[in-house]
Amino acid sequence: MTRRFGLSLEAVLKTLAVAACYYVAGRLGLLGRLTVEGVIVTPIWPPTGVALAALLVYGTAVWPGIAVGSFLLIASLATPQLSTLVTVAGNTVAPLCACLLLRRAGFRVGISRLRDGLALVFLGGLGAMLISATAGVGLQVVTGRLDTAEFWSVWLAWWVGDAMGVLLVTPLLLVLVGATGPLRLRRWKEMLVLGLTTLVVVPLSVLGELSLLFLVFPLLIWVALRFQLAGSMLCALFASVLTTFEASTQQGAFHNLSAIEVMTKLQAFNGACALTALLLSAMVAEQRALRRSVQNACRELAEVLEHLAAGETPPDLPADHAADPRADSTRAADRRGDV
C-alpha cells in the first residue's frame, strides 16, 4: 500500500508540474503574440513543445496536466465558456497523438539519428499539430468570431505556431532531461567565441534596418557541427525569439509590412532555423555514432587477429573455434557486415 501510495503521489506531482510548466510557457509565448484577421496568434507556441516533451519523458499518464494547464491559461485571458472545452481538448489531443505517432515510428528521445529528427518534424510537429489548429480555428468559425473567408490565413498561422513550439522547444527540453554527468568544457574557448559571436550576429541580423536574417544560418551550421543538438537548438531558439519580438513591433526587417507579410516572413525564418538546427545536428550525431561503432569493431577485430597470430584462443571465442581458422574469419566477416 505504501508503494502504491508513493507511485500515485509521484504521478500527481508530475501532472501538476506539467500543468505549471504548460501555463508558464503559455504566458511567455503570449509576449510575442501577433494579430491576424482580428485573431491573436503566436508565431512560437512553447506549450506544445513542453507538452510533447513531458509525454515522451513521463509517459502518456500525465496528459491531465496538459488539459489543466491549457484550461488555466485560457481562463487567465477570458471567461471560460462551454466552447473552451473544445480548445482544451485540441491542445491536449494534439501532443498526445504526436507522442503516440513518434513511439510508433521508433523515435529515440536522444534524437541521435536522422530518422528521429525527421519523425519529430513531420509526425510530431507538422502532422499532429493539424489537430489543435483545426480545432481552435474551426471553433472560431463555428461561434461566429471569424469569417469563413479568413479561416485559412488564421489556421496557417495557428498551425505553424504550434509546430514551431514542437520543433524549437521539445528538442531542447529532451537534451536537458537526457544530460547526465558533469559539463565538459574541453572546448571552452570555442564555446566562448561562439557565444560572443551569437550575441553579436543574431541581434545585428534581426534588429537591424537591413534584412540580414540570412546571416544566422552560417552560425547555426557552425554550432550544429561542433556542439550538435544542445548548442544548435539554443541558437535557433534565441534567434527565433528575437525575430518574433521584432516582428511584433514591425521594426527592422519587418518594417512597412502588412500583418500577413510579417507572419509569412517570420514563420519562414523560424521554420528554416528549426529545420536547419534539428536535422543537421541529428545527422552529425548519427555520423559520430557510426564512426564510434566502426572504431570499436576494428579494435575488437585487431584483438582477435593478435591472439590468432600468437596461436592463442581469442578471449571472446570458445576453445573449439581456435582449431578452425575459418570460424574466426567467418566471425570477423560477420562483424564487418554488422558495421
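**Entry 1: the whole chain**

I note at the start that this is a predicted model. I counted elements and got 12 helices and 2 strands. Reading along the sequence, I wrote the pattern down as α-β-β-α-α-α-α-α-α-α-α-α-α-α. The chain has 339 residues, and 41% of them count as buried. I also looked up how far apart in sequence the contacting residues sit. Of the contacts with a separation of 6 or more, 73% are between residues 24 or more positions apart.

**Entry 2: H4 and H6**

I went to a helix pair next. Two packed helices are described by the angle between their axes and the distance between the axes. For H4 (residues 84–104) and H6 (residues 129–142), I found axes that come within 7 Å and cross at roughly 170°. An angle over 145 degrees counts as roughly antiparallel, so H4 is roughly antiparallel to H6.

Which residues in H4 meet H6? My list for H4 reads Val 86, Thr 87, Gly 90, Asn 91, Val 93, Ala 94, Pro 95, Cys 97 and Ala 98. On the H6 side I have Met 129, Ile 131, Ser 132, Ala 135 and Leu 139. Sorted by class, this contact has 10 nonpolar and 4 polar residues, and no charged ones.

I picked Val 86 in helix H4. Leaving out residues up to four places away in sequence, Val 86 touches Ala 135 and Leu 139. Val 86 and Leu 139 are 53 residues apart along the chain, yet their C-alpha atoms are separated by 7.5 Å.

Asn 91 is also in H4. Its relative accessibility is 12%, and buried means under 20%, so Asn 91 counts as buried. With residues up to four places away in sequence set aside, I see Asn 91 touching Tyr 22, Ile 66, Ser 70, Ile 74 and Ser 132.

**Entry 3: a stop in H1**

I looked at Ala 20, which lies in helix H1 (residues 2–29). At 42% relative accessibility, I count Ala 20 as partly exposed. From Ala 20 to Leu 72 is 52 residues in sequence and 9.3 Å in space, C-alpha to C-alpha.

**Entry 4: H5 and H10**

Back to helix pairs. The axes of H5 (residues 114–127) and H10 (residues 259–309) come within 7 Å, with a crossing angle of roughly 155°. I therefore noted this pair as roughly antiparallel too. H5 brings Leu 114, Gly 117, Leu 118, Leu 120 and Val 121 to the contact. H10 brings Leu 275, Leu 278, Leu 279, Ala 282, Met 283 and Glu 286. By class I get 9 nonpolar residues, 1 polar and 1 charged.

**Entry 5: the second largest pocket**

How much space lies in the second largest pocket? I have about 780 Å³. There are 29 lining residues, and the closest to the pocket's centre are Ile 40, Ile 74, Leu 77, Gln 140 and Trp 158. Elements giving two or more residues to the lining are strand E2 (39–41), helix H3 (63–75), H4, H6 and helix H7 (151–178). H7 gives the most, with 4 residues. By class, I wrote down 14 nonpolar, 12 polar and 3 charged residues for the lining.

Conventions. Residues numbered from 1 in each chain as written. Predicted model: local features only at pLDDT ≥ 70, side-chain atom pairs only at ≥ 80, totals over all residues. Heavy atoms only, no water. Axes fitted to C-alpha atoms, helices over the stretch in contact; angles between N-to-C directions. Parallel < 35°, antiparallel > 145°, perpendicular 65-115°, else oblique. Contact = heavy atoms within 4.5 Å. Nonpolar A, V, L, I, M, F, W, Y, C, P; charged D, E, K, R; others polar. 1 Å grid on protein atoms, 1.4 Å probe; cavity = no way out; pocket = protein on both sides within 12 Å on 5 of 7 lines; lining within 4 Å. Points joined across faces, edges and corners; volume = space filled by probe spheres on them. Buried < 20%, exposed > 50% of the residue type's maximum accessible area, 1.4 Å probe, protein only.
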